[in-house]
Amino acid sequence: MVGFDRAGYGESDPNPNRSVKSAALDVEELADALGLGPKFYVIGISLGCHAVWGALKYIPERIAGAAMMAPVVNYWWPGFPADLAAEVYNKQEVGDQWALRVSHYAPGILHWWMDQSWLPTSTVVAGTTPLPNKRDAEIRAKLKADGTFQQKMELATQQGIHESYYRDMMVMFGKWEFDPMSLPKPPCPVHIWQGDEDGLVPVVLQRHIASRLSWVNYHELPATGHFLSPVPGLGDTVLQTLFGNAKQ
């Protein structure tokens, strides 16, 4: 099992031209450099799932199976009903609405915008978003109290917060070359796991994606939030679902 720092994160070089497509091609290049074979599985978490959607679009013949854990959505994907997307979008904190709006319509000023203390900015980046799920709230409070939250942020952004967090926002919430809800059925199984108490990704939009894509295996987790890694047994469930009874 291989994990890596995406472009601009950790010790990976920044890519000022980063896109959904480049994220998918980075996965393919790494897999080939490591000799993983003609096909491999991909698992994405949260905002990193744009690389999985990219893989399903640009290198579907290389993917043996895909899992997305609480994948972040782009409110401007054409497949969403405009009224539903607007309704959910407006339920976000004002700072998050503005951060996403700037990411989409004026990405060139996002770094400047996020650096202004007098402007409404992202509560997600600041780690202050209201979390309706009790476990999520407790996990974040513990990470912030013992310094882990800050340490992880410093490690992730050592190439600069603009090349990591903000570049991710521009890619995820910018103008995509394709709508995931218009993708043809890929030659591999695709799974989405989503908590019904996710305070960062609206479950109603995830349900809509699943309803539009009959080939997506949608797993909704009751009384569960955005942080899926700590959910007891879920990691094993994901791997067993992807691999079935195959001996790995």
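This is a predicted model: local features need pLDDT of at least 70, side-chain atom pairs count only at pLDDT 80 or more; totals for chains, interfaces and linings use all residues.
1. A residue is called buried when its relative accessible area is under 20%, exposed when that area is over 50%, and partly exposed in between. Asp-32 has 44% relative accessibility and therefore counts as partly exposed.

2. Arg-62, at 12% relative accessibility, counts as buried, while Asp-32, at 44%, counts as partly exposed.

3. A search of the whole structure gives eight salt bridges. One of them joins the side chains of Arg-18 and Asp-168, with an N to O distance of 2.7 Å. Here too distant parts of the chain are linked, since Arg-18 lies in the segment before helix H1 (20-33) and Asp-168 in helix H9 (residues 162-173), 150 residues apart. Arg-18 and Asp-168 are both buried. The pair also takes part in a network of salt bridges that includes Arg-6.

4. A further salt bridge is formed by Glu-220 and Arg-207, whose closest N and O atoms are 2.8 Å apart. Glu-220 is in strand E4 (residues 216-221) and Arg-207 is in helix H10, so this pair ties together parts that are 13 residues apart in sequence. Glu-220 counts as partly exposed because its relative accessibility is 30%. Arg-207 likewise counts as partly exposed, at 38% relative accessibility.

5. Which residues of helix H3 (residues 82-89) are buried? They are Ala-85, Val-88 and Tyr-89. Viewed down the axis of H3, the buried residues fall within an arc of 100°, which means that they line one face of the helix. These buried residues pack against two other elements, helix H4 (94-105) and helix H10 (203-212).

6. In summary, helix H10 is a point where two of these descriptions meet: the buried residues of H3 pack against helix H10, and Arg-207 of helix H10 is tied to Glu-220 of strand E4.

Key. Residues are numbered from 1 along each chain as its sequence is written. Side-chain values use heavy atoms; hydrogens and water are left out. Buried means under 20% relative accessible area, exposed over 50%, partly exposed in between (1.4 Å probe, protein chains only). Helices (H or I, at least four residues) and strands (E, at least two) are DSSP runs, numbered from the N terminus. The arc is that of the directions from the helix axis to the C-beta atoms. Contact means heavy atoms within 4.5 Å. A salt bridge is a side-chain nitrogen of Lys or Arg within 4 Å of a carboxyl oxygen of Asp or Glu.
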